[in-house]
Amino acid sequence: MKNIILLILLCIGCKTNTKKNIETAFEIGIIADCQYCNCDASNTRFYTGSLAKLKTAVDTLNTKELAYTIHLGDFIDRDYESFDSVLPIWNRLTSKKQQVLGNHDFSVADSLKKLVPGKMGLKSRYYSFLKNNWRFIVLDGNDLSFYGAISDKKRQQTDSLFNELKDKKIPNLQTWNGGISLAQLNWVKEELEIAVVQNEKVGFYCHFPAVKEGEVHNLWNYKQLLQLIDNYEQVKFYFNGHNHHGAYEEKNGVHHLTFKGMVDTEKSTAFSTATITKDSIFITGYGREKSRRLKIK
Ligand SMILES: [Zn+2]
């Protein structure tokens with residue numbers, strides 16, 4: 001009998017502990033558009049400078065206890081061999097590492113495109129992972145695109161989405177943007193349903209923004225994605241890169257934050273850490289990135 005009571009008490013204790021743990025704050029690292037290549041600077045992009053900037057960012061991030069560090073796409077600007085310059089620096093990160101696929105990551109020879117996700121350490125082009133009571137959903141905005149759609153099926157779907165949107169004359173229908181396939185949207189819906197059942201908060205990561213009307217950098221079919229997200233109050237943020245100037249907008253309680261591109265400017269950098277607490281996300285910006293508090297609704 002005593003043993004049973006002890007077991008029950010232990011169990012109650014362990015439940016309290018679990019609850020406490022899932023609300024515990026944690027910190028992550030965020031970098032966008034490192035976009036390295038061994039090429040001459042063009043306009044505001046100082047491609048070779050990204051090696052030193054990435055090194056400094058990794059050194060800074062390694063002084064912290066981070067749950068993970070995520071790069072929001074365009075790790076390289078072009079050329080497959082560029083990965084061999086940035087990956088050794090990235091791999092020095094002591095935290096877990098997550099990557100998002102960007103359009104420039106596919107600016108490699110056609111025959112090498114299929115190797116890109118694996119080279120960046122990805123098992124799938126889109127995926128999710130958990131931390132405490134959070135579900136992080138990583139999207140592949142190049143799923144349907146002219147540079148990153150690799151299979152015949154995806155190329156056909158790219159053509160039909162592009163042609164369908166062409167008549168609407170939308171400003172984000174650029175060949176350097178991309179869209180999300182129906183298969184990926186269905187997968188996102190499944191992920192969101194799991195989050196509802198498990199009472200998880202959700203954060204999205206994608207290379208492309210998906211909120212501001214008239215924004216040229218948006219995903220081709222961002223409205224379709226927003227329509228889906230709008231049904232779930234679990235969704236708290238959508239973090240992306242691609243637009244190096246950065247941007248912020250809140251929509252239906254979701255913080256849409258575009259992080260500034262590391263590659264821009266000769267001397268200044270841009271990267272961040274974010275501390276995720278029960279009711280807020282505290283962004284600490286380095287270099288050009290602004291520090292801010294995003295209140296979780
Ligand atoms: Zn991009």
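## Reading the model

Helices here are DSSP runs of H or I with at least four residues, strands are runs of E with at least two, and they are numbered from the N terminus. With that in hand, let's look around this predicted model.

The chain has an average pLDDT of 93, and 93% of its residues score at least 70. Where pLDDT is low, the predicted coordinates should not be read in detail.

## The six-stranded sheet

Six strands make an open sheet in the order S4-S5-S6-S7-S9-S8, and their pairing is mixed. The edges belong to S4 (127-131) and S8 (247-251); each has a single partner strand, so one side of each lacks a neighbour in the sheet. On average, and ignoring direction, neighbouring strands are turned by 15 degrees against each other.

Further in, S6 (residues 201-206) and S7 (residues 235-240) run parallel and are joined by five bridges. Cys-206 has Asn-240 of S7 as its bridge partner. Asn-240 is also bridged to Thr-258 in S9, and S7 and S9 pair in the parallel sense over four bridges.

Glu-250 has His-255 of S9 as its bridge partner. The two strands form a hairpin with two residues between them, and Asn-252 in the turn has a positive phi of about 50 degrees. Four of the five residues of S9 (residues 254-258) are buried, which leaves this strand mostly covered.

## Helix H6 across the sheet

Helix H6 (residues 182-197) lies across S4, S5 (134-138) and S6, and runs at about 175 degrees to S5. Its length fits expectation: 16 residues at 1.5 Å a residue should span 22 Å, and the end C-alpha atoms are 23 Å apart, which agrees.

Which residues of H6 are buried? They include Val-188, Glu-191 and Ala-195. These residues cover an arc of only 60 degrees around the axis, so they sit on the same side of H6. An α-helix has 3.6 residues a turn, so residues three or four places apart point the same way. The cover over the buried residues of H6 includes S4, S5, S6 and helix H7 (222-229). On the other side of H6, Asn-186, Glu-190, Glu-193 and Val-197 are exposed. Just after the helix comes Asn-199, with a positive phi of about 55 degrees.

Notes: Residues are numbered from 1 along each chain as its sequence is written. This is a predicted model: local features need pLDDT of at least 70, side-chain atom pairs count only at pLDDT 80 or more; totals for chains, interfaces and linings use all residues. Two strands pair if DSSP finds at least two bridges between them. Axes are lines fitted to C-alpha atoms, for helices over the stretch in contact, and angles run from 0 to 180 degrees between N-to-C directions. Two residues are in contact if their C-beta atoms, placed from the backbone, lie within 7 Å. The expected span of a helix is 1.5 Å times one less than its number of residues. A residue is buried if 20 or more other C-beta atoms lie within 10 Å of its own, exposed if 12 or fewer, and partly exposed in between; C-beta atoms are placed from the backbone. The arc is that of the directions from the helix axis to the C-beta atoms. pLDDT is the predictor's confidence in each residue, from 0 to 100.
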